[in-house]
Amino acid sequence: MTSGPDYDERLAVPLRWWAQGTMLVATLWLTVVVAVPGPTAWVVTAVALVLLALALFWYGDARVIVRDGWFQAGRARIEAEHVGEVAALDVEQTRLVAGRDADVRAYLLLRPYLHRAVKVEIVDPADPTPYWLVSSRHPEALADALTALPRTR
């Protein structure tokens with residue numbers, strides 16, 4: 001029997017990105033409607049709007065899930081037994097770990113609109129990845145869910 005997710009978050013883009021994208025498409029429409037007569041401007045604008053929506057949905061579709069002894073961040077997935085120390089990072093710590101103090105072997109699932117993250121140590125001897133750095137709107141809740149994972153080591 002599988003239980004529900006201990007933690008489930010979708011790293012959706014913020015509303016302001018949708019508003020800015022819409023204004024960009026409106027500017028495109030204004031430019032094209034002046035230059036090209038007829039329905040061509042509307043077709044170009046519709047295509048641009050669809051492409052914008054697809055791009056924003058795709059970029060914001062990354063999921064962070066803790067469930068049934070597994071941790072999934074985006075497309076990466078690891079069993080709980082390979083999860084070591086977990087730390088919820090504040091804004092400054094996230095900036096340092098993602099920048100100056102970063103390890104090039106680390107797995108990163110970062111979003112520029114999320115300023116806090118969770119650092120998850122990887123203790124699998126067969127995996128060269130020292131840690132995962134994962135953006136989150138609720139890093140403390142994610143860290144708690146990861147810490148609560150049953151380890152079978």
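The model is predicted, so a word on ground rules: local features need pLDDT of at least 70, side-chain atom pairs count only at pLDDT 80 or more, and totals for chains, interfaces and linings use all residues. Residues are numbered from 1 along each chain as its sequence is written, and side-chain values use heavy atoms, with hydrogens and water left out. The chain splits into domain 1 (8-60) and domain 2 (63-148), with bounds that come from an automatic or database domain assignment.

**Domains and the core between them**

- The C-alpha centres of the two domains, domain 1 and domain 2, sit 32 Å apart.
- Eleven residues of domain 1 are in contact with 13 residues of domain 2, where contact means heavy atoms within 4.5 Å.
- The largest nonpolar core has 28 residues, and Val64, Val66, Phe71, Val120, Trp132, Leu142 and Leu146 touch the most other members. (A nonpolar core is a set of buried Ala, Val, Leu, Ile, Met, Phe, Trp, Tyr and Cys residues joined through side-chain atoms within 4.5 Å; buried means under 20% relative accessible area, exposed over 50%, and partly exposed in between, using a 1.4 Å probe and protein chains only.)
- Among the elements that each supply at least two residues of this core are helix 2 (40-59), strand 2 (63-67), strand 7 (117-122) and helix 4 (139-147). (Helices, H or I with at least four residues, and strands, E with at least two, are DSSP runs numbered from the N terminus.)
- Both domain 1 and domain 2 give residues to this core, so it lies between them.
- Trp132 touches a list of residues that includes Phe71, Ile78, Tyr107, Val118 and Val120, not counting residues up to four places away in sequence.
- There is also a second, separate core of six residues, with Leu89, Val97, Ala106 and Ala117 among them.

**Helix 3**

- Thr94, Leu96 and Val97 are buried in helix 3 (residues 91-98).
- Looking down the axis of helix 3, the buried residues fall within an arc of 165°, so they line one face of the helix. (The arc is that of the directions from the helix axis to the C-beta atoms.)
- The cover over these buried residues of helix 3 includes strand 5 (83-89), strand 7 and strand 8.
- Asp90 caps the N-terminal end of helix 3, with a side-chain oxygen 3.2 Å from the backbone nitrogen of Glu92.

**Strand 1**

- Tyr7 and Glu9 make up the covered face of strand 1 (residues 7-10), while Asp8 and Arg10 are on the uncovered one.
- Strand 1 pairs with strand 2 in the antiparallel sense over four bridges; two strands pair if DSSP finds at least two bridges between them.
- Across that pairing, Arg10 stands opposite Arg63 in strand 2.

- His82 is in the loop between strand 4 and strand 5, and His82 counts as buried because its relative accessible area is 17%.
- Beyond its neighbours within four places in sequence, His82 is in contact with Glu121, Ile122, Val123 and Asp124.
- Asp103, in the loop between helix 3 and strand 6 (107-109), is partly exposed, with a relative accessible area of 23%.
- Asp103 and Pro130 are 27 residues apart along the chain, yet their C-alpha atoms are separated by 7.8 Å.
- Asp68 is in the loop between strand 2 and strand 3, and its phi is near 50°, a positive value in a residue other than glycine.

Definitions and conventions. A polar contact is a pair of N or O atoms within 3.5 Å; within protein, one must be able to donate a hydrogen and the other to accept it, and residues adjacent in sequence count only if both atoms are side-chain atoms.
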